Amino acid sequence: MADNANPTILNPSDLPTRRRRAASPKAGEGKSTLFGDIIPSSAYLNDPFTASPGSSSESESDEDEAAEPIDEQEIYDLISTISDPEHPLSLGSLAVVNLPDIHILPSASPTSPISSVLVEITPTITHCSLATVIGLGVRVRLEQALPPRFRVDVRIKEGTHSTGDQVNKQLGDKERVAAALENGTLMGVLRKMLETCQ
């Protein structure tokens, strides 16, 4: 049985995003190819991070590797679609992750390109037994999706969990995180949570 059988649920269409909303095709409109409704389109053809053929000169690739600005909204878009391990809903819909609780902190040194991303998560209840797993899922998603110039820090928002300090200590300990990621059962839970990421 879930700890919080009746969490507050937000309508996904009300969540902040820059992603285009999927529009349902009207009658007569559809895929332009004969097998378009059977064969899915290739994501890499529309991927803005994939260089188009013939445009990969040496100078352009150096410019592409320059620090592209990433803001809080992009971070939110990456993590809001993660599934909650207890409920069949996203972390954004449950207000576990919120746009105002995401902060991008510039490097302390002007010569260092390293920035930090701080995400404060809000468990649905103060005694949530899966707060560490949720935090770990957010951390894994961001570490997989963000360029290496970002350091990820995931914490429980102060005052929202009865053992927030202990959970934050676990999420901030690199050795504990690495050990957790070697646990096959836990990795299965994380894979299931991340299946819904867009």
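1. What percentage of the 198 residues in the protein is buried? Buried residues, meaning those under 20% relative accessible area with a 1.4 Å probe and protein chains only, make up 33% of the 198 residues. The model is a predicted one, in which local features need pLDDT of at least 70 and side-chain atom pairs count only at pLDDT 80 or more, while totals for chains, interfaces and linings use all residues. Residues are numbered from 1 along each chain as its sequence is written, and side-chain values use heavy atoms, with hydrogens and water left out.

2. The protein comprises six helices and three strands, these being DSSP runs (H or I of at least four residues for helices, E of at least two for strands) numbered from the N terminus. Along the sequence they follow the pattern α-α-β-β-α-β-α-α-α. Of the contacts (heavy atoms within 4.5 Å) with a separation of 6 or more, 70% join residues 24 or more positions apart. The protein exposes about 12900 Å² by the Shrake-Rupley method with a 1.4 Å probe, and carbon and sulfur atoms supply 53% of that area.

3. Helix 2 (residues 72-79) packs on helix 3 (residues 131-145) at an angle of about 120°, with the axes 10 Å apart; axes are lines fitted to C-alpha atoms over the stretch in contact, and angles run from 0 to 180 degrees between N-to-C directions. Helix 2 is therefore oblique to helix 3, since angles under 35 degrees count as roughly parallel, over 145 as roughly antiparallel, 65 to 115 as roughly perpendicular and the rest as oblique. Ile75, Leu78 and Ile79 of helix 2 meet Val138, Arg141, Leu142 and Ala145 of helix 3.

4. Helix 3 and helix 6 (residues 184-194) pack at about 65°, with their axes 10 Å apart, which means that helix 3 is roughly perpendicular to helix 6. On helix 3 the contact is made by Val133, Ile134, Leu136, Gly137, Val140, Arg141 and Gln144, and on helix 6 by Leu186, Val189, Leu190, Met193 and Leu194.

5. Helix 3 also packs with helix 4 (residues 164-172), at an angle of about 35° and with the axes 10 Å apart. Here the contact is made by Ala131, Thr132, Gly135, Leu136 and Arg139 of helix 3 together with Val167, Gln170 and Leu171 of helix 4.

Notes
Buried means under 20% relative accessible area, exposed over 50%, partly exposed in between (1.4 Å probe, protein chains only).
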